Amino acid sequence: MLPKTRPTLLWLLPLTFLAIFYFYPLGRMLQLSLTRSPIFSAPFIAALTSPAIRGVIGFTFWQAGLSTLLTLLIGLPGAYLLARFEFRGKSLLRALTGVPFVMPTLVVAAAFSALLGPRGWVNLLLMRVLALDAPPITFLHTFTAILCAHVFYNLTIVLRMVGDFWGHLDAHLSDAARVLGANRSQAFLRITLPLLAPAISAAALLVFIFNFTSFGVILVLGGPTFATLEVEIFYQTISLFNLPLAAVLSIIQLLISLAMTLLYSRLAAQLSQPLNLRASQQIQTPIRGHKTRLFATLWIGLLLTITIVPLLALATQSVVSFQGQGLRVFTLAFYRELWLNRQGSLFYASPSTAMGISLAYASLTVLLALGLGFPAAWALARDRTAPLNRLLDAMLMLPLGTSSVTLGLGFLIALAQPPLDLRASPLLIPLAHTLVAFPFVVRSLVPALQSIQPRLRQAAAMLGATPAQVIRHVDLPLIGRAALVAATFAFTISIGEFGATSLLSRPEYPTLPTTIYRLLSRPGALNYGQALALSTILMLTSIGGMLAIEKLRVAEIGEF
Amino acid sequence: MKHNFYLLLILAALLAACVPEKGPQTLTVMTHDSFAISEELVLAFETEHKVDVQFVGAGDTGTAVNKAILAGDKPLADVFYGVDNTFLSRALEAGIFESYASPLLADIPDEFELDPEQRALPVDYGDVCLNYEIAYFEQNNLAPPETLEDLLKPEYRGLMVVENPATSSPGLAFLFATVGHFGEDGYLDFWRGLVDNDVKVVNDWESAYYSEFSQWGGTYPIVVSYGSSPVFEYLFAEEPLDAPPTAAVIGAGSCFRQIEFVGILRGTEQRQLAEKWIDFMLSPEFQADIPLQMYVFPVNANTQLDETFEQYLYTPDAPASLAPENISARREQWIADWTAMVLR
């Protein structure tokens, strides 16, 4: 049992936050939408049950399921690699694979276009080598592009959530099985996999829900022939102004996410068990042997190809001149231009200012998300099977499954009018980011908190430690690593977020993503070049941020 | 340590509750995310009227309009700038604006004044037109298209990329151009012809222009963009150019004019200041600031434009015209019919 704290007390802060910044705006928006016209009219039912809408729901499931499966297939061996082996440049690899998570969709589209577009590096190379007249690869606006982008974005979730947990699993357990006669795959299937199940299912759920509510990727990389529920909600809300239908679709999307989450928490309750977690130093070994070396090389290559090569293509394009066909010349013109406010614009922000604003929002988000996430994770880890906890657990995930179009409008309306007038407050942005980061923080913390052996706490308590001392000296060191993962998620979610930021931001305080979007929406080489340059700066900022978080000295397991 | 942490949280919450007030009074201006203005102009306005002008962003045009409508009789700002003629009907029907007959309307040509009750006042316009890459047509000894009808010819097969009207505002404007030009009975036949001629459809302007247009990363030499895109290609080229590398098609009825409006939000408590702000936006000083800040063009006839614009801005003599009432009544239907014809 965890130290005695009343569960209601633990839930107080997180639930108040959700009530004000989630349920209230969402409820207000749904109420405003549904009262605009009678919803149970014949045309309404006909629209809702039309084959088009059924097709949309089917496609949403199909692409989300397939994307999640692919992400796991590539991510799990990667997690194993990060968990079991010690090699140079590992924390850099971990940071690099996390960068996609930060990048706004339009930037990712520009990156994929720079790499695989009709005039991207790959097509140009193939055309030259094979002497072709037309680009051989069509990648943009295909189903493949959607799947690739989803894997690109979500790989880091599996690598971090599963990898970090795996890295602390006692390898002696599977060694013991081997000694007792199990072969390698038996030991993995019967011992390691069941122990990993809570972390895998947590990661899979997050990836699935992210893909299920996918919007930007579908719109920009998939193109007009693909539509998920979220895209349909956007279409009904903005293009057709059919708010009642949009509201009902939002509710459907929400209910499906809720059902998935409930299923997961049922599963998770059965799967989790206390474990002896070990310091990662005790578990990780250097890469030895031909087979291992081959595997490691292959998988590091694969992870980097998927996550970094598109971004590298974008970064390369930011330092080459567009002029002069064929011959590509190095230039820093776009970077120089970024620092000039030629038009004396009020909303201009130099890259350093925009970076400062982005970092300020991200830091606030980390503080808020951890502050709210800790008590919630604590309460959940105490007793996952309690009916109240199971319900609340599912509730925490709701913001991720909610239509961002609906919630965004609700945020704007509900929080900009009395009794809660925050419309001019720059704090709305970290608050909105916290809503997204919160479930990640809780998901990262719960498995670690749950795996703490109750005996340790009991022993500490028996030796006269107060509950606070137990937390300080037993729990915190044990979950240090998980807290870092949680902080990294909150940081990356905030620093690259565009949708909510563009809705809520004061134009005087542009972030890196909002500045990039402004530049991207204008014609002209200098504007496009600056957008690429600033995207590269965003990339570097996020790598720097993630490396800095990794470097924070938090007591590792086993150091007490 | 933990206690300090929560203290910080509470502090942050308190900070959120009290928004600092600067000037003696505040005028709140809600805008879409393409809005931009010179710093010195705002400062001059603030000094002259002893007011602190606060801008609130609200996403793109469609989102901003929805937001203003859903706020109902408790307006989120005093003034809203950014509703365009494709969304105007939605805003006017919802009654979000108060009428204001600004004296400066006298300097604005009647063609821009779409609301006879002067609830929404025109500020700027931009023409959505087809653009093409000049070099492509020169290298291939092909004459560039001059009208919409040309696009159905076999020599232009597979050369054009357009934006989805359901998700993109230039895409919607181009759909309106075809409805205006071919009529409600004819536009779908034209689109069927375009589909047969292998038109490419993407969801957003950025993808169309920067990923598919041959001037940039793509292979399609014709794209739906703005009559002003060529001059901005010229002005914002990497190295100075002799002339724009692209051109616009401005044949009869091939472009659609987007006009953006400003209005006083119903229920404001700053009516006087809001009027002053609107006069300011319609004044030649602000109007001259528009092109290089927002990439659209002033409606006030007394505005002096830069010489480069006189030279390279493509302005259609006869943009396709559609009555706002017609747009209002049929908009959703056209989008739905277009979607069924082109995408499904």
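Predicted model: local features only at pLDDT ≥ 70, side-chain atom pairs only at ≥ 80, totals over all residues.
Colleague: How do you know that chain B agrees with a compact globule?

Modeller: Take the 344 residues: a compact globule of that length would have a radius of gyration near 20 Å. Chain B has 22 Å, so the two agree. The C-alpha trace spans about 70 × 60 × 45 Å along its principal axes.

Colleague: What makes a residue of chain B count as buried, and what share does?

Modeller: A residue is buried if 20 or more other C-beta atoms lie within 10 Å of its own. In chain B, 52% of the 344 residues are buried.

Colleague: What makes residues of chain B and chain A count as in contact, and how many do?

Modeller: Their C-beta atoms must lie within 7 Å. By that test, 62 residues of chain B are in contact with 62 residues of chain A. Helix α1 (residues 2–17) of chain B gives the largest share of chain B's side, seven residues. That side has 31 nonpolar, 19 polar and twelve charged residues.

Colleague: Why is chain B described as having domain 1 and domain 2?

Modeller: Because the bounds come from an automatic or database domain assignment. For chain B, the assignment gives domain 1 (22–125 + 259–307) and domain 2 (126–256 + 314–343). Their centres, taken over C-alpha atoms, are separated by 28 Å.

Colleague: How many residues does each domain of chain B put into the contact?

Modeller: Domain 1 of chain B gives eleven residues and domain 2 of chain B gives ten. On the domain 1 side, helix α4 (residues 88–93) of chain B supplies the largest share, three residues.

Notes:
Residues numbered from 1 in each chain as written. Chains lettered and ligands numbered in written order. Contact = placed C-beta atoms within 7 Å. Helix = DSSP H or I, 4+ residues; strand = E, 2+ residues; numbered from the N terminus. Nonpolar A, V, L, I, M, F, W, Y, C, P; charged D, E, K, R; others polar. Rg over C-alpha atoms; globule rule 2.2 N^0.38 Å. Buried ≥ 20, exposed ≤ 12 C-beta atoms within 10 Å, placed from the backbone.
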